[in-house]
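Here's a quick briefing to read with the model open beside you.

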Amino acid sequence: MFRERRCIRCGTCQTVCAQGAISVVGDVVSTDREKCTLCGTCVEACYAEAREIVGREVTVAEVMAEIEQDIAFYDQSGGGVTLSGGEPLVQRDFLLALLRACQEKEIHTAVDTCGFATWETLDRLREHVDLFLYDLKLMDDARHPKFTGVSNETILRNLQRLSTLGHDIILRVPIIPGINDDEENIRRTGAFAAALPRLNQLNVLPYHHAGADKCSRLNRIYGLPETRPPSDERMFEIVQILQGFGLPIKIGG
Ligand code: SF4
Ligand code: SF4
């Protein structure tokens with residue numbers, strides 16, 4: 001990860017990187033992630049502490065050792081473990097092993113997913129998941145690829161199948177002004193959600209800028225620099241439209 005504000009543009013990282021992954025041109029420092037082997041040399045060499053390797057490899061046993069420290073707390077609060085990301089389904093085998101381990105200890109499990117996975121993946125995991133936190137962004141499949149890179153067909157079909165099979169599901173709909181907060185999308189979302197055989201709740205999540213700083217640290221371009229969070233009034237209107245479909249709605253969560 002790269003913290004631009006700390007960087008003094010000294011060029012040391014470019015000099016020490018044996019892979020030629022870093023370029024410092026004027027004020028612009030960029031890292032080619034295809035070339036980077038995560039060796040950590042640039043992190044050690046960066047006097048300004050502008051570079052950092054985030055994340056580490058762990059085993060299921062190591063994760064469980066941390067989770068189990070809080071078992072007494074889960075028992076008291078009725079809580080459990082939420083496996084999130086990124087996208088947890090990308091690490092399917094690890095996720096499955098972790099879910100099984102949680103299940104053996106009778107720990108409640110939630111998986112936070114965008115739903116873009118093969119049905120085979122979800123089918124293998126689903127019996128070990130107590131609750132799906134399922135993201136739904138845009139109903140119009142003609143526009144969905146523009147903002148997410150993929151069609152929503154698989155996402156909607158997987159959701160339908162999980163619901164039909166009786167799984168507990170909380171739908172999570174981020175409200176992004178100018179992208180999915182229009183009346184048509186909200187009504188189509190409401191109609192689709194209301195037709196699901198089983199749905200515990202629909203959470204509407206007001207868009208926020210939390211991703212902007214993260215994008216900068218990952219040396220990526222933030223796609224929505226001009227977008228502002230929706231007003232309280234607009235959120236209230238959206239909730240009213242969705243409640244018109246008889247759905248249990250919550251703002252946030
Ligand atoms: S070594 Fe650190 S401070 Fe120097 S250019 Fe690279 S990231 Fe910036
Ligand atoms: S961590 Fe990546 S960018 Fe940094 S020195 Fe190693 S290969 Fe180069």
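**Cavity, ligands and cysteines**

The largest cavity comes in at a volume of about 90 Å³. Keep in mind that this is a predicted model. A search of the whole structure turns up 1 cavity of 30 Å³ or more, and the space taken by ligand 1 is that largest cavity.

**The cavity**
- Lining the largest cavity are 14 residues, and the ones nearest its centre are Cys7, Cys10, Cys13, Cys46 and Arg51.
- Sorted by class, that lining has 10 nonpolar, 2 polar and 2 charged residues.

**Ligand 1**
- Where does ligand 1 sit? The space ligand 1 takes up is the largest cavity.
- Around ligand 1 you'll find Phe2, Cys7, Ile8, Arg9, Cys10, Gly11, Thr12, Cys13, Cys46, Ala48, Ala50 and Arg51.
- Cys7, Cys10, Cys13, Cys46 and Arg51 turn up in this shell, and these residues also lie nearest the cavity centre.
- The shell around ligand 1 splits into 8 nonpolar, 2 polar and 2 charged residues.

**Ligand 2**
- Ligand 2 has a spot of its own, in the second largest pocket.
- Its surroundings are Cys17, Gln19, Ile22, Cys36, Thr37, Leu38, Cys39, Gly40, Thr41 and Cys42.
- By class, the shell around ligand 2 has 6 nonpolar and 4 polar residues, with no charged ones.

**Cysteines**
- Is Cys7 buried or exposed? Cys7 is buried, because its relative accessible area of 16% falls under the 20% cut-off.
- Cys42 also has a relative accessibility of 16%, so Cys42 counts as buried under that 20% limit too.
- Cys7 is one of the residues around ligand 1, while Cys42 is among those surrounding ligand 2.
- How many disulfides does the structure hold? The count is 0.
- As a reminder, a disulfide is a covalent bond joining the sulfur atoms of two cysteines.

**Domains**
- The chain is divided in two: domain 1 covers 4–45 and domain 2 covers 60–251.
- Between the C-alpha centres of domain 1 and domain 2 there are 35 Å.

Note on methods. Residues are numbered from 1 along each chain as its sequence is written. Chains are lettered from A and ligands numbered from 1 in the order in which they are written. This is a predicted model: local features need pLDDT of at least 70, side-chain atom pairs count only at pLDDT 80 or more; totals for chains, interfaces and linings use all residues. Side-chain values use heavy atoms; hydrogens and water are left out. Domain bounds come from an automatic or database domain assignment. On a 1 Å grid over the protein atoms alone, a cavity is a set of points where a 1.4 Å probe fits but cannot get out, and a pocket is an open set with protein on both sides within 12 Å along at least five of seven lines; lining residues have an atom within 4 Å of a point. Grid points are joined across faces, edges and corners, and a volume is the space filled by probe spheres set on the points. Ala, Val, Leu, Ile, Met, Phe, Trp, Tyr, Cys and Pro count as nonpolar, Asp, Glu, Lys and Arg as charged, and the others, Gly among them, as polar. A disulfide is a pair of cysteine sulfur atoms within 2.5 Å. Buried means under 20% relative accessible area, exposed over 50%, partly exposed in between (1.4 Å probe, protein chains only). A residue is near a molecule or strand if one of its heavy atoms lies within 4 Å of it. A molecule sits in a cavity or pocket if more than half of its atoms lie within 2 Å of its grid points.
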